Amino acid sequence: MRALALLLVLLSLACGQQSSPKAVQTYTFRVVHTFPHDPQAFTQGLIFHDGFLYEGTGLEGRSELRKVELQSGKVVQRKALGPQYFGEGITLLDGHLYQLTWKNQVGFIYDPQTFALQRTWNYTTEGWGLTHDGKQLILSDGSAKLYFLDPKTLKVERTLLVTLNGQPLPMLNELEYVKGKIYANVWQTPQIVIIDPQNGRVEGVVDLTNLVLLNPGADVLNGIAYDPATDRLFVTGKLWPRLFEIELVPSNR
């Protein structure tokens with residue numbers, strides 16, 4: 001019931017364009033390609049780099065950092081977190097691979113080639129999603145706020161309140177930076193929102209309900225990866241047996 005309530009609120013806010021000076025663009029999607037995905041992977045973070053997917057998985061005792069072949073879904077490299085950690089979002093910036101944990105308030109920084117641990121850091125919020133804009137790390141904590149961190153000091157330099165038609169939008173989860181915008185899964189809904197990183201305004205809402213219906217019995221939509229070299233967008237979910245390359249289709253232009 002909570003998930004349904006969140007979905008209805010999100011859709012009503014996106015459609016309530018008379019209350020916003022600028023209309024929120026809504027999107028459906030087209031599946032371009034379908035790839036296998038480990039149905040045991042509780043996907044918390046996802047990126048694409050140099051031809052491979054990198055995936056952070058969750059759950060205590062099952063959390064890992066993984067390197068995955070796109071075409072086959074085969075895990076070619078993995079590093080397990082300690083059993084006390086619930087892994088969350090990941091990103092790669094300036095030759096360092098970052099990974100969050102949920103309630104442990106500990107982040108890990110790895111060598112992306114070897115997965116050797118380089119250092120850890122602590123933060124005061126929960127850790128949910130993680131991406132970057134080329135200069136700063138961007139962290140979500142399940143609220144309507146995003147935190148911009150210096151990648152060297154790991155200190156918060158800016159906080160951004162995300163709003164949809166003027167209302168704070170909570171439950172921001174996995175993040176990806178795509179062509180100057182922040183894409184975010186909204187937890188427990190089949191929606192991805194597209195956020196202006198300067199003012200926090202949601203500019204677009206992507207409805208992936210029909211994609212979720214292709215994965216009956218699996219967990220929620222979660223996981224966004226973007227390949228800037230080929231302009232490909234990938235999405236999946238927790239415990240989903242498939243990963244999808246999709247193309248966004250405007251539905252209200």
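So, E55 and H37: their side chains make a polar contact of 2.8 Å, and a polar contact here is a pair of N or O atoms within 3.5 Å, where within protein one must be able to donate a hydrogen and the other to accept it, and residues adjacent in sequence count only if both atoms are side-chain atoms. The side chains of E55 and T43 are joined by another polar contact, at 2.6 Å.

Quick caveat: this is a predicted model, with local features needing pLDDT of at least 70 and side-chain atom pairs counting only at pLDDT 80 or more, while totals for chains, interfaces and linings use all residues. Numbering starts from 1 along each chain as its sequence is written, and side-chain values use heavy atoms, with hydrogens and water left out.

Okay, what about the charge on E55? E55 is buried but has no salt bridge. Buried is under 20% relative accessible area, exposed is over 50%, and partly exposed is in between, with a 1.4 Å probe and protein chains only. A salt bridge needs a side-chain nitrogen of Lys or Arg within 4 Å of a carboxyl oxygen of Asp or Glu. The nearest side chain of opposite charge is R66, and that sits 4.7 Å away. For the charges, Lys and Arg are positive, Asp and Glu negative, and His and the chain ends are not counted.

Leaving out residues up to four places away in sequence, E55 touches a list including A41, L46, E64, R66 and I90, contact being heavy atoms within 4.5 Å.

Now the strands. E55 is in strand 3, residues 52-57; strands are DSSP E runs of at least two residues, helices are H or I runs of at least four, and both are numbered from the N terminus. Strand 3 runs antiparallel to strand 4, with five bridges; two strands pair if DSSP finds at least two bridges between them. G56 has L65 as its bridge partner in strand 4. These two strands form a hairpin with six residues between them, and L59 in the turn has a positive phi of about 85 degrees.

Which residue of strand 5 stands opposite R66? That's R78. Strand 4 and strand 5 (residues 75-80) are antiparallel too, joined by five bridges. Their hairpin has five residues between the strands, and G73 has a positive phi near 75 degrees. Strand 4, residues 64-69, has five of its six residues buried, so it's largely enclosed by the rest of the structure.

Zooming out, the protein chain has two helices and 22 strands, and 55% of its 253 residues are buried.
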